[in-house]
There are 2 protein chains.
Amino acid sequence: MNPSNSALLTDLYELTMAQAYREQGMEEAAVFEFFVRKLPPHRNFLVAAGLEQVLDFLSGLQVTQEELAWLDRTGLFRSELLRYLETLRFTGDVEAVAEGTVFFPHEPILRVVAPLPMAQLVESRIMNLLNFQTMVASKAVRSVLVAGGKPLIDFGLRRAHGAEAGLLAARASYLAGFSGSATVLAGMAYGIPLYGTMAHSFVQAHKDEVQAFEHFALAQPDNVVLLIDTYETETAAKKVVSLVPLLTAKGIAVKGVRLDSGDLADHARKVRRILDEGGLSHAQILASGNLDEYRIQALIDSRAPIDSFAVGTAMTTSSDAPALDCAYKLQEYAGRPCRKRSEGKATWPGRKQVYRSYADRGGFDYDVLTPLDDRGQGEPLLHPVMKEGRRLAPSPSLTDLRGHMAAQLARIPESLRTIETAPTYEVRISPALQALAKAVDHGL
Amino acid sequence: MNPSNSALLTDLYELTMAQAYREQGMEEAAVFEFFVRKLPPHRNFLVAAGLEQVLDFLSGLQVTQEELAWLDRTGLFRSELLRYLETLRFTGDVEAVAEGTVFFPHEPILRVVAPLPMAQLVESRIMNLLNFQTMVASKAVRSVLVAGGKPLIDFGLRRAHGAEAGLLAARASYLAGFSGSATVLAGMAYGIPLYGTMAHSFVQAHKDEVQAFEHFALAQPDNVVLLIDTYETETAAKKVVSLVPLLTAKGIAVKGVRLDSGDLADHARKVRRILDEGGLSHAQILASGNLDEYRIQALIDSRAPIDSFAVGTAMTTSSDAPALDCAYKLQEYAGRPCRKRSEGKATWPGRKQVYRSYADRGGFDYDVLTPLDDRGQGEPLLHPVMKEGRRLAPSPSLTDLRGHMAAQLARIPESLRTIETAPTYEVRISPALQALAKAVDHGL
């Protein structure tokens with residue numbers, strides 16, 4: 001079973017509601033929008049990500065015979081629903097903002113228009129995919145903001161929440177501006193550049209640290225990055241230097257060293273000096289070990305001679321905000337706009353567009369959220385990407401999406417280009433949308 | 001591609017180290033142990049989970065032809081390594097504690113003994129699996145501790161970190177004592193009981209809330225649990241009551257209502273009164289909406305008339321501690337015990353056993369961590385589960401594991417049976433282990 005795109009990757013109520021909708025003949029067009037209600041703590045903006053996987057999921061949507069047989073055996077569903085599921089394919093329309101686009105609360109980044117039972121059934125997986133990658137990209141970009149152009153590498157697989165989280169975190173962080181990942185399968189699946197060094201176990205498995213370094217260099221002559229904190233960091237740095245004549249004789253250059261524990265800035269300075277004095281001024285220093293954007297900023301601010309950073313758990317789990325307050329909400333059914341009014345969870349009704357206005361020098365100025373049929377000013381962010389279940393264009397390359405993300409970062413207001421809490425970016429609710437909400441509440 | 005058990009779900013360095021080990025003929029038995037370095041914030045103990053998926057992964061370990069061809073194309077690996085990977089199967093031994101066992105920092109819950117390159121290659125995925133399910137079970141059990149026997153249901157799929165996280169969180173929380181999950185595929189994959197009600201969109205799609213309730217009841221006559229907070233909670237409760245004559249005439253009983261927003265305790269009291277006065281005293285109240293163990297405890301303490309709780313994001317992401325400080329460390333190679341001494345990350349060397357001693361009435365008293373060959377007193381927690389790549393016994397049922405977990409909960413010290421910070425449980429390091437660590441540090 002490859003569960004990652006099963007139609008049963010859904011909540012039970014999506015199926016029971018579908019059964020009720022079918023029985024009542026409620027199959028007219030439903031409009032669902034995905035958006036984030038409010039910024040998580042420590043975020044000044046969000047980065048849209050995950051659309052590619054959503055479109056994959058929708059394109060491949062079907063219920064297998066094995067799944068149908070199992071659904072039947074549960075006794076929870078009537079045969080009419082099972083017949084419906086047997087031939088189910090996604091035939092709806094999707095509009096979305098491009099991955100790598102910066103966005104803000106209440107702005108839809110995806111709209112599904114499809115017959116009600118179908119649009120409902122895909123809710124759980126769409127949220128699951130967009131929540132995760134958007135969350136990770138929005139976390140990863142904060143390290144990008146503070147790293148000052150130094151390479152960042154994803155080391156997060158081991159504490160990612162499962163296999164798919166490891167793979168999609170590699171993708172989302174690369175999209176956000178990381179240089180690559182250690183996760184081999186992410187290289188194969190998405191073409192993400194791979195990076196890696198060596199583990200403490202490699203040193204431990206040898207009786208002698210110098211011998212471990214030598215063996216590694218012989219096996220990986222083009223990528224000699226040596227981990228030097230297994231026992232005593234500066235001692236190990238001197239051992240690296242001691243190896244240079246032997247390696248040079250074999251035509252092997254030491255590319256760098258990795259620091260993974262202790263006071264990274266202090267170790268980096270001492271190690272830099274040892275390497276420089278040992279003729280290894282070209283060798284780079286990679287830092288890892290519970291790094292996040294705050295530690296990276298502190299290391300950058302301290303001018304520690306670190307050339308690149310590996311970020312794992314904090315990024316891959318978005319540890320300070322491991323979920324988004326996101327929703328996939330019905331905003332229109334059968335041509336009638338609607339909205340939820342639950343306490344603290346009210347939404348803006350109807351099909352909407354986000355218009356972004358730019359300041360003189362091209363930076364984001366403010367956004368306007370307005371009904372789709374109310375032509376606004378500025379650049380519309382949502383565009384059709386799927387029509388009647390078919391993609392309207394080939395998937396953009398991750399390289400193109402990275403380019404788009406980098407261009408977005410260049411255009412966010414200077415005040416948002418920080419990991420400290422910034423003033424709120426202005427998202428205006430248009431008079432037309434406010435009027436629509438009032439009309440909906442009054443049952444007009 | 002079903003990525004969830006690919007051998008390439010690993011870090012690049014596992015492959016480059018394997019290449020170096022092979023070239024140096026370093027294929028003697030390596031002993032790796034998985035353990036947690038320290039308790040996460042707000043945890044007094046941990047619950048082992050994920051072993052079943054680790055054994056699945058190891059049993060099925062292989063590199064496909066497609067993966068080999070891709071590895072070759074990267075140009076990162078020599079042909080000898082590719083030949084090794086082509087026929088690679090896991091042939092090692094595994095000892096582990098049973099899933100559902102309570103454990104503490106520094107206690108290994110899994111030991112792999114295998115030729116060094118093989119034991120190394122599986123590191124990333126083993127950590128990925130054990131970190132996640134152990135983390136979720138250790139979070140979920142906290143809700144079990146405070147719920148006083150009231151049913152708990154996993155509603156977390158939509159904000160779980162990807163597909164596998166959603167499925168495995170359903171499994172880990174069920175193991176920890178939850179009653180079931182909303183995730184349909186978790187029902188199919190693991191036989192977990194499924195629960196579900198209806199969404200706000202169901203009410204919104206109807207022009208009239210009463211009609212929505214009626215349609216749902218007709219479609220799901222055996223599971224009429226109605227969501228009543230879409231517009232105004234108490235008004236909706238009265239609408240439910242108004243439907244009773246019509247539903248009774250059709251032989252349909254209202255099983256319950258769900259509250260999802262606002263002051264849940266206050267709403268529950270008002271709704272309970274409305275239901276009781278309306279002849280629905282048997283109808284239950286399910287609460288959901290950003291619940292975690294603290295909110296559940298507050299609701300229980302307030303004696304709010306809530307019959308069951310659905311827990312989503314907080315549990316499925318372990319939101320207050322979304323990763324464990326866990327490690328899979330080389331403790332012995334070729335018969336020589338070893339350990340890492342990196343600052344703040346030193347480990348206990350050699351193959352180890354955990355012995356648990358019990359107090360007079362059967363409760364846990366203290367644990368002793370000691371070398372495997374030093375016969376200790378008490379109950380040994382690690383047992384052989386795989387020998388030369390083959391499982392030694394069929395998989396235990398989830399029901400049995402839940403039983404084991406419940407028995408463990410009954411035996412933890414009373415002081416740990418709280419969600420507040422408790423005194424540290426005693427894990428003694430045996431004199432023999434302390435002596436071994438010293439000997440290893442002195443290169444003896």
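**Figure 1. Contact between chain B and chain A.** In this predicted model, 83 residues of chain B are in contact with 83 residues of chain A. Helix α1(B) supplies the largest share of the side of chain B that touches chain A, with 8 residues. Sorted by class, the residues on that side of chain B are 40 nonpolar, 30 polar and 13 charged.

**Figure 2. Helix α1 of chain B and its surroundings.** The helix covers residues 12-23 of chain B, which makes 12 residues. From its first C-alpha to its last it reaches 17 Å, close to the 16 Å expected at 1.5 Å a residue. Of the 12 residues of α1(B), 10 are buried, so the helix is largely enclosed by the rest of the structure. Among the buried residues are Leu12(B), Glu14(B), Met17(B), Gln19(B) and Tyr21(B). Which elements do the buried residues of α1(B) pack against? In chain A they pack against α8 (184-190), α9 (200-205) and α10 (209-219). In chain B they pack against α4 (79-86), α5 (116-121) and α6 (123-146). Gly25(B) follows α1(B) and has a positive phi, near 65°.

**Figure 3. Strand β14 of chain B and its two partners.** Strand β14(B) spans residues 352-358 and is mostly covered, with 5 of its 7 residues buried. It is joined by 7 bridges to strand β15(B) (residues 364-371), and the two run antiparallel. Strand β16(B) (residues 379-380) also runs antiparallel to β14(B), and 2 bridges join them. Tyr355(B) has a partner in each of these strands: its bridge partner in β15(B) is Val368(B), and in β16(B) it stands opposite Pro380(B). The hairpin of β14(B) and β15(B) has 5 residues between the strands. In this hairpin Gly362(B) takes a positive phi near 95°.

Figure 4. An open sheet in chain A is formed by 7 strands in the order β13-β12-β1-β5-β3-β17-β18, with antiparallel pairing. Why does one side of β13 and of β18 have no neighbour in the sheet? Strands β13 (336-337) and β18 (390-391) of chain A stand at the edges and have a single partner strand each, so one side of each is left without a neighbour. Within the sheet, β1(A) (residues 29-38) and β12(A) (residues 325-333) pair in the antiparallel sense over 8 bridges. Val36(A) has Cys326(A) as its bridge partner in β12(A). Helix α6(A) (residues 123-146) packs on the sheet and touches β1, β5 (110-115) and β12 of chain A. The direction of this helix makes about 140° with that of β12(A).

**Figure 5. Two domains of chain A.** The domain assignment divides chain A into domain 1 (3-136 + 323-441) and domain 2 (138-316). Their C-alpha centres lie 37 Å apart. How many residues of each domain are in contact with the other? There are 20 residues of domain 1 in contact with 25 residues of domain 2. On the side of domain 1 that touches domain 2, the elements that give two or more residues are β2 (46-47), α6 and α15 (398-411) of chain A. That side of domain 1 has 11 nonpolar, 5 polar and 4 charged residues.

**Figure 6. Chain A as a whole.** Chain A has 16 helices and 19 strands. Its C-alpha atoms fill a box of roughly 80 × 60 × 35 Å along the principal axes. Of the 444 residues in chain A, 55% are buried.

Definitions and conventions. Residues are numbered from 1 along each chain as its sequence is written. Chains are lettered from A and ligands numbered from 1 in the order in which they are written. This is a predicted model: local features need pLDDT of at least 70, side-chain atom pairs count only at pLDDT 80 or more; totals for chains, interfaces and linings use all residues. Two strands pair if DSSP finds at least two bridges between them. Helices (H or I, at least four residues) and strands (E, at least two) are DSSP runs, numbered from the N terminus. Two residues are in contact if their C-beta atoms, placed from the backbone, lie within 7 Å. Axes are lines fitted to C-alpha atoms, for helices over the stretch in contact, and angles run from 0 to 180 degrees between N-to-C directions. The expected span of a helix is 1.5 Å times one less than its number of residues. A residue is buried if 20 or more other C-beta atoms lie within 10 Å of its own, exposed if 12 or fewer, and partly exposed in between; C-beta atoms are placed from the backbone. Ala, Val, Leu, Ile, Met, Phe, Trp, Tyr, Cys and Pro count as nonpolar, Asp, Glu, Lys and Arg as charged, and the others, Gly among them, as polar. Domain bounds come from an automatic or database domain assignment.
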